[in-house]
Amino acid sequence: MSESQQHAEGPRTPAKRGGGDPATRGRTTIADGVVEKIAGLAAREVLGVHAMGSGLARTLGAVRDRVPGGGRSATATRGVKAEVGEVQTALDLEIVVDYGVAIADVARTVRENVISAVERMTGLEVVEVNIAVSDVKLPDEEDEEEGAEPRLQ
């Protein structure tokens, strides 16, 4: 093959298979539980958040944690409820704050941290984060989870 023939044909490019950008071939779905775990962990990172969930949920969670196979994953989602759509999600959080913190500031920081983590990790748009403060942890109170004696030994 002469040099003039090579220039006429141009450089060889591999044939493109399939249609369009590979990133658009298929669909990714994210389970509610995945978003709940991310949100729960992000909320717990905030200074002033003592625990997640109501007193009853924390007590039941402490019992569940002591049962073999009870799993720590339930702890991560305690106090978090997510509704996940194809491109958006909405979250409801129930938190317990430490006594003395400014609740409005803690709630704002939790909201910012949760939105940032969920949007960064999932690509979903967080349309709302509702926060219910269900209790205040007083300095002289024992944690229900720490103070509870196991019934079985």
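Colleague: How many salt bridges does a search of the whole structure find?

Modeller: That search turns up one salt bridge. Bear in mind that this is a predicted model, where local features need pLDDT of at least 70, side-chain atom pairs count only at pLDDT 80 or more, and totals for chains, interfaces and linings use all residues. Residues are numbered from 1 along each chain as its sequence is written, and side-chain values use heavy atoms, leaving out hydrogens and water.

Colleague: What makes the contact between R108 and D105 a salt bridge?

Modeller: The term asks for a side-chain nitrogen of Lys or Arg within 4 Å of a carboxyl oxygen of Asp or Glu. For R108 and D105, N to O is 2.4 Å, so the pair qualifies. Side chains of opposite charge can pair when their charged atoms come close.

Colleague: Where do R108 and D105 lie?

Modeller: Both lie in helix α5, three residues apart, which is about one turn of the helix. Helices here are DSSP runs of H or I with at least four residues, strands are runs of E with at least two, and both are numbered from the N terminus.

Colleague: Why is R108 called partly exposed?

Modeller: Buried means under 20% relative accessible area, exposed means over 50%, and partly exposed is in between, with a 1.4 Å probe and protein chains only. R108 has 45%, so partly exposed it is. D105, with 39%, is therefore partly exposed too.

Colleague: Why are α2 and α5 called oblique to each other?

Modeller: Helix α2 (residues 32–44) and helix α5 (residues 103–122) pack at about 140 degrees, with axes 8 Å apart. Angles under 35 degrees count as roughly parallel, over 145 as roughly antiparallel, 65 to 115 as roughly perpendicular and the rest as oblique. So α2 and α5 are oblique.

Colleague: Which residues of α2 meet α5?

Modeller: V35, I38, A39, A42 and A43 in α2 do, and their partners in α5 include V110, N113 and V114. Contact means heavy atoms within 4.5 Å.

Colleague: How many helices and strands does the protein chain have?

Modeller: Six helices and four strands.

Definitions and conventions: Axes are lines fitted to C-alpha atoms, for helices over the stretch in contact, and angles run from 0 to 180 degrees between N-to-C directions.
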